[in-house]
Amino acid sequence: MAFTDNSTDEAVSGFSHTLEQLLGLMVSISELEEAKAEAASTRQHQKIDGFLKEEQALILKLRGLEQLRMKQAGALGWQGLTFRQILERADGGQKELLSPLFDKM
């Protein structure tokens, strides 16, 4: 069993929180894509401009969260690793926290 300190636990918790935010944002983007496609298929072109503006804001937020995720992964010694590789290096509690998030991603 690997020893973790409070700072590592907090870092992993922050990393998992960022993953949760990314998942929520991906759901929002997916829903927006569906609404945009629906508006296009029903010739409601006036709605598409609003969808595009909202999509741009979500993409900017996605980029920011992805940069934060990469920074957090680097601080944990996980820079450049796949989710599977991270789970191989994580201890039991970390695996328990991260595995469901990685499965959803």
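Student: Which side chains meet Arg69 in a salt bridge, and what is the N to O distance?

Tutor: A salt bridge here is a side-chain nitrogen of Lys or Arg within 4 Å of a carboxyl oxygen of Asp or Glu, and in this predicted model the side chain of Arg69 meets that of Glu66, at 2.5 Å from N to O. This is a predicted model, in which local features need pLDDT of at least 70 and side-chain atom pairs count only at pLDDT 80 or more, while totals for chains, interfaces and linings use all residues. Residues are numbered from 1 along each chain as its sequence is written, and side-chain values use heavy atoms, with hydrogens and water left out.

Student: Why can Arg69 and Glu66 be separated by about one helical turn?

Tutor: An α-helix has 3.6 residues a turn, so residues three or four places apart point the same way. Arg69 and Glu66 are separated by about one helical turn because they are 3 residues apart in helix α2; helices are DSSP runs of H or I, at least four residues long, numbered from the N terminus.

Student: Is Arg69 buried or exposed?

Tutor: Buried means under 20% relative accessible area, exposed over 50%, and partly exposed in between, with a 1.4 Å probe and protein chains only. Arg69, at 13% relative accessibility, counts as buried, whereas Glu66, at 28%, counts as partly exposed.

Student: How many salt bridges does the structure hold?

Tutor: The structure holds 4 salt bridges, and one of them joins the side chains of Lys36 and Glu55 at 2.8 Å, N to O. That pair links distant parts of the chain, with Lys36 in helix α1 (residues 6-41) and Glu55 in helix α2 (residues 45-75), 19 residues apart. Both Lys36 and Glu55 are buried. Another salt bridge pairs Asp49 with Lys53, whose closest N and O atoms are 3.7 Å apart; Asp49 is partly exposed, with a relative accessible area of 43%, and Lys53 is exposed, at 53%.

Student: Where does α4 bend?

Tutor: The bend at a residue is the angle between axes fitted to the seven residues ending there and the seven starting there. Helix α4 bends by about 35 degrees at Leu98, and a proline, Pro100, follows within four residues.

Student: Which residues of α4 are buried?

Tutor: In α4, the residues Gln94, Leu98, Leu101 and Phe102 are buried. The cover over the buried residues of α4 includes α1 and α3 (83-89), where contact means heavy atoms within 4.5 Å.

Terms used: Helix = DSSP H or I, 4+ residues; strand = E, 2+ residues; numbered from the N terminus.
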